[in-house]
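Me: Could you walk me through this one? Please give me the terms as we go.

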Amino acid sequence: MAESDITPVIATRRDETMSWLQRVVSKGLGWARKYSLFSYPYATACCGMEYMSVAASRHDIARFGAEFPRFSPRQADLLLVVGTINLKQAPILKRVYEQMTEPKWVVSFGVCASSGGFYDNYAVLQGIDRILPVDVYIPGCPPRPEQVLDGLMMLQEKIGGQVHKIADKGQPNPTAAHHDLLASMNK
Ligand code: SF4
């Protein structure tokens with residue numbers, strides 16, 4: 001048995017203070033981030049019309065702090081995958097994700113993005129979670145705007161409860177596990 005296994009962990013006042021500070025910082029950053037989402041709508045198919053409806057005045061996604069779509073991934077932290085993703089598009093979608101700023105989140109909008117939908121064939125990616133880490137899945141073909149807003153609120157709740165650090169250095173790439181799969185699909 002290693003010595004570290006039998007040595008009791010002693011939390012010093014400095015440790016306790018730092019953990020309290022980290023909790024306060026995390027709560028503040030989580031609150032700020034969940035109400036200032038900059039989305040990148042990767043719209044490929046009919047679900048795109050429903051996205052427009054969510055963004056328009058009747059449902060008004062601006063009420064949730066996600067008003068401005070960004071069409072540069074470097075200015076976005078929320079990837080909305082809206083519609084069918086075929087295998088030819090999968091590497092492009094993955095590159096968009098990799099170019100986005102950290103921290104970042106992914107929402108799968110509609111059944112086509114979530115599971116391929118009724119396109120159960122060789123040309124369509126059977127769910128974007130084969131290449132990306134998805135935070136929230138929104139069901140429906142297409143989902144109603146209310147469902148989209150519900151999914152957005154779930155994401156906000158998740159962001160608010162996450163640990164946020166002032167600087168995240170040396171974090172593992174969450175998409176690394178998907179590289180092999182994508183490479184095999186492209187062969
Ligand atoms: S889920 Fe339905 S509405 Fe959305 S892209 Fe697929 S087929 Fe079109």
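Reply: Let me start with burial: a residue is buried if 20 or more other C-beta atoms lie within 10 Å of its own, exposed if 12 or fewer, and partly exposed in between, with C-beta atoms placed from the backbone. This is a predicted model, in which local features need pLDDT of at least 70 and side-chain atom pairs count only at pLDDT 80 or more, while totals for chains, interfaces and linings use all residues. Residues are numbered from 1 along each chain as its sequence is written.

Me: Ok, is A113 buried or exposed?
Reply: A113 counts as buried because 30 C-beta neighbours lie inside 10 Å. Its place is in helix α5, where helices (H or I, at least four residues) and strands (E, at least two) are DSSP runs numbered from the N terminus.

Me: And which residues does A113 touch?
Reply: Not counting residues up to four places away in sequence, A113 touches V81, V82, G83, I85, S108 and I128, contact meaning that the C-beta atoms, placed from the backbone, lie within 7 Å.

Me: Switching topic, what is in the largest nonpolar core?
Reply: That core has 37 residues, of which L78, L79, L80, V81, V107 and F109 touch the most other members. A nonpolar core here is a set of buried Ala, Val, Leu, Ile, Met, Phe, Trp, Tyr and Cys residues joined through C-beta atoms within 7 Å.

Me: Which element gives the most to this core?
Reply: β2 does, with five residues.

Me: What about V107, what is in contact with that one?
Reply: Leaving aside neighbours within four places in sequence, V107 is in contact with L78, L80, D135, V136, I138, G151 and L155.

Me: Now the helices: how do α3 and α6 cross?
Reply: The axes of α3 (residues 47-55) and α6 (residues 145-161) come within 9 Å and cross at roughly 75 degrees; axes are lines fitted to C-alpha atoms, for helices over the stretch in contact, and angles run from 0 to 180 degrees between N-to-C directions. The two helices are therefore roughly perpendicular to each other, given that angles under 35 degrees count as roughly parallel, over 145 as roughly antiparallel, 65 to 115 as roughly perpendicular and the rest as oblique.

Me: Which residues meet there?
Reply: E50, S53 and V54 in α3 meet P145, V148 and L149 in α6.

Me: Last one, how many helices and strands does the chain have?
Reply: The chain has seven helices and four strands, and 27% of its 187 residues count as buried.

Definitions and conventions. Two residues are in contact if their C-beta atoms, placed from the backbone, lie within 7 Å.
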